[in-house]
Amino acid sequence: MTRKMQKFLVSAGEPNQEYGLYVMEKESPHHAKDALLAYYYDSDSFFHVRDQDKGLFIPALELKSCKDESGNEFSGEDLLGRIKDAINAYEEELPGYVQNVLSYPLPDDGE
């Protein structure tokens, strides 16, 4: 596993989810209080995960399989390749997301 991959956690979503691959940096300046920045590879979009849902994310080597939106199941080397692609997409899309979305402050739950 590459050093870059070790900096990320991955998820195939909640148990009742039919498909999906999500990635999240373990440590990120873009994580907010109680809201962790994650990337949904299948829809090419960022979203925030509540801190209490971080348990859905695990190290890449612990993920056994995931499915894409067409129902294709990935495991083993194919899964690792898909995770690498998802991490690369995250890194490519992050600067635009930060500039266009994160430049605006997140609402504070106390207000």
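Helices of at least four residues and strands of at least two are taken here as DSSP runs, numbered from the N terminus. The model is predicted.

In this numbering, an open sheet is formed by five strands, ordered E4-E3-E2-E1-E5, with antiparallel pairing. At its edges stand strand E4 (45-50) and strand E5 (58-59), each of which pairs on one side only. Strand E2 (residues 22-25) joins E3 in the antiparallel sense over two bridges, and Val23 stands opposite Tyr39 in E3.

The loop between E2 and E3 holds His31. Is this residue, His31, buried or exposed? Because its relative accessibility is 18%, and buried means under 20%, His31 counts as buried. A polar atom of the His31 side chain lies 2.9 Å from the backbone oxygen of Glu25; a polar atom of that side chain also lies 2.9 Å from the backbone nitrogen of Leu37. Leaving out residues up to four places away in sequence, His31 touches Met24, Glu25, Lys26, Leu36 and Leu37.

Attention now turns to the interior. In soluble globular proteins, nonpolar side chains tend to be buried together. The largest nonpolar core here has 21 residues, of which Val10, Leu21, Val23, Phe46, Ile83 and Tyr90 touch the most other members. Two or more residues come from each of strand E1 (8-11), strand E3 (35-40) and helix H2 (76-102); H2 gives the most, with nine residues. Apart from this core lies another, of eight residues, including Leu9, Met24, Val49 and Phe57.

Beyond its neighbours within four places in sequence, Val10 is in contact with residues including Leu21, Val23, Leu56, Phe57, Leu63 and Ile83.

Technical notes:
Residues numbered from 1 in each chain as written. Predicted model: local features only at pLDDT ≥ 70, side-chain atom pairs only at ≥ 80, totals over all residues. Heavy atoms only, no water. Core = buried A, V, L, I, M, F, W, Y, C linked by side-chain atoms within 4.5 Å. Buried < 20%, exposed > 50% of the residue type's maximum accessible area, 1.4 Å probe, protein only. Contact = heavy atoms within 4.5 Å. Pairing = 2+ DSSP bridges. Polar contact = N/O pair within 3.5 Å; in protein donor to acceptor, adjacent residues only side chain to side chain.
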